[in-house]
Amino acid sequence: MVQQSLARNVVGIIGNVISFGLFFSPAPTFYGIIKKKSVEEFKPDPYLATLLNCAFWVFYGMPFVHPNSTLVYTINGIGIVFEVVYLTIFYIYSAKKERKKLVLYLFIEAIFFVAIVLITMLAVHGTTKRSLIVGVICDIFNIMMYVSPLTIMAKVIKTKSVKYMPFWLSVANFLNGLCWTTYALLHPFDIYVLISNSVGAVSGLVQLILYACYCSCKGENIEQDDREMKPTSIHEISPSESFRA
């Protein structure tokens, strides 16, 4: 039992490292925004979604919701810091209209999060029931983020081009999902971490298979296709970098 607990911690630490890399991956995008002093066509939506996702996973990892989940709330706490920094940069270099939208969305997210926290803590008693409610919400967000590249994968098949599906990001997402799936299977078993991350591992594997099939193809890289597929942020060409556990 001790060895299994140690193995779980080791796998969780590896997962933390991979997740940290995914959280950090948009940094070059925001460095470009700072240099140009403009967000151009980039959108805050993925970062807003990731922020809320991380917040729920931090709540899920609390001892009074789901015990023995220290590695879950630590990495998501780091994720919250990253997303706040990204959104702050986005706010600074956005137009006034976009700033108002950003503040409105953040306010709505805050109300939703606080409502779930209050309901869970005041109306639900026991970690088993609390884990169920918060875990299901976390899984819904994670699965949505993991399946978000489906449109890109369909485009890869249609155009026979992997131009908009970066190889190393696909590798990182696959390893992230696989690592946290393994973590969930080790004692103590965590069904909620398992569900979304197993979906993520399969999603990442499918991306890698598609890459292997089409990486040598020239593809239909016509100008019109480029305009249609121009990503508005790094998150629109891959699953969000949020922690998948």
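This is a predicted model: local features need pLDDT of at least 70, side-chain atom pairs count only at pLDDT 80 or more; totals for chains, interfaces and linings use all residues.
Trainee: Is N68 buried or exposed?
Mentor: The cut-off for exposed is over 50% relative accessible area. N68 has 57% relative accessibility, so N68 counts as exposed.

Trainee: What is the phi of N68?
Mentor: Most residues other than glycine have a negative phi. N68 is a residue other than glycine, yet its phi is positive. The value is near 60°.

Trainee: Which phi does K37 have?
Mentor: K37 lies in the loop between α2 (27-36) and α3. K37 is not a glycine, but its phi is positive too. The angle is about 55°.

Trainee: What is the relative accessible area of K37?
Mentor: Exposed means over 50%. K37 is therefore classed as exposed, with a relative accessible area of 59%.

Trainee: Which residues does the cis peptide bond join?
Mentor: Most peptide bonds are trans. Here omega is about 0°, a cis bond. The bond joins H187 and P188.

Trainee: How many helices and strands are there in the protein?
Mentor: From the N terminus on, the elements run α-α-α-α-α-α-α-α-α-α. The count is 10 helices and 0 strands.

Trainee: What share of contacts between residues at least 6 apart in sequence join residues at least 24 apart?
Mentor: First, some context: buried residues make up 46% of the 245 residues. Now take the contacts between residues at least 6 apart in sequence. The share joining residues at least 24 apart is 84%.

Trainee: Which residues does the UniProt annotation "transmembrane region" cover?
Mentor: The annotation comes from an unreviewed entry. In the model, residues 12-34 are 91% helix and 0% strand, with end C-alpha atoms 34 Å apart. The annotated ranges are 12-34, 71-93, 102-126, 132-152, 164-185 and 191-214.

Trainee: Over residues 191-214, how far apart are the end C-alpha atoms?
Mentor: The chain there is 100% helix and 0% strand. The end C-alpha atoms are apart by 35 Å.

Trainee: Are α3 and α6 roughly parallel or roughly antiparallel to each other?
Mentor: The axes of α3 (residues 45-61) and α6 (residues 127-147) come within 9 Å and cross at roughly 150°. The cut-off for roughly antiparallel is over 145 degrees. So α3 and α6 are roughly antiparallel.

Trainee: Is the crossing of α3 and α6 left-handed or right-handed?
Mentor: From α3, residues including A49, L52, F56 and Y60 meet residues of α6 that include V134, I137, F141 and M145. The residues of this contact divide into 11 nonpolar, 5 polar and 1 charged. The crossing is left-handed.

Trainee: How far apart in space are W57 and C138, C-alpha to C-alpha?
Mentor: W57 is in helix α3. W57 is buried, with a relative accessible area of 0%. W57 and C138 are 81 residues apart in sequence. In space, C-alpha to C-alpha, the distance is 6.3 Å.

Trainee: Is the crossing of α5 and α6 left-handed or right-handed?
Mentor: Helix α5 (residues 96-123) packs on α6 at about 155°, with axes 9 Å apart. That angle is over 145 degrees, the cut-off, so the two are roughly antiparallel. The crossing is right-handed.

Trainee: Which residues in α5 meet α6?
Mentor: On the α6 side are R130, I133, V134, I137 and F141. The α5 residues are F112, I116, T120 and M121.

Trainee: And how do the residues of that contact of α5 with α6 divide?
Mentor: Sort them by residue class, nonpolar, polar or charged. The division is 7 nonpolar, 1 polar and 1 charged.

Trainee: At what angle do the axes of α6 and α9 cross?
Mentor: The axes of α6 and helix α9 (residues 191-214) come within 8 Å. The crossing angle makes α6 roughly parallel to α9. The contact includes G135 and D139 of α6 and S196 and G200 of α9. The angle is roughly 10°.

Trainee: What is the separation of the C-alpha atoms of I140 and I195?
Mentor: I140 is in helix α6. I140 is partly exposed, with a relative accessible area of 47%. I140 and I195 are 55 residues apart along the chain. Their C-alpha atoms are separated by 9.7 Å.

Notes. Residues are numbered from 1 along each chain as its sequence is written. Side-chain values use heavy atoms; hydrogens and water are left out. Axes are lines fitted to C-alpha atoms, for helices over the stretch in contact, and angles run from 0 to 180 degrees between N-to-C directions. Helices (H or I, at least four residues) and strands (E, at least two) are DSSP runs, numbered from the N terminus. Angles under 35 degrees count as roughly parallel, over 145 as roughly antiparallel, 65 to 115 as roughly perpendicular and the rest as oblique. A crossing is left-handed if the near helix is turned anticlockwise from the far one by less than a right angle, and right-handed if clockwise. Contact means heavy atoms within 4.5 Å. Ala, Val, Leu, Ile, Met, Phe, Trp, Tyr, Cys and Pro count as nonpolar, Asp, Glu, Lys and Arg as charged, and the others, Gly among them, as polar. UniProt positions are given in the numbering used here, feature names are shortened, and annotations may be inferred rather than shown by experiment. Buried means under 20% relative accessible area, exposed over 50%, partly exposed in between (1.4 Å probe, protein chains only).
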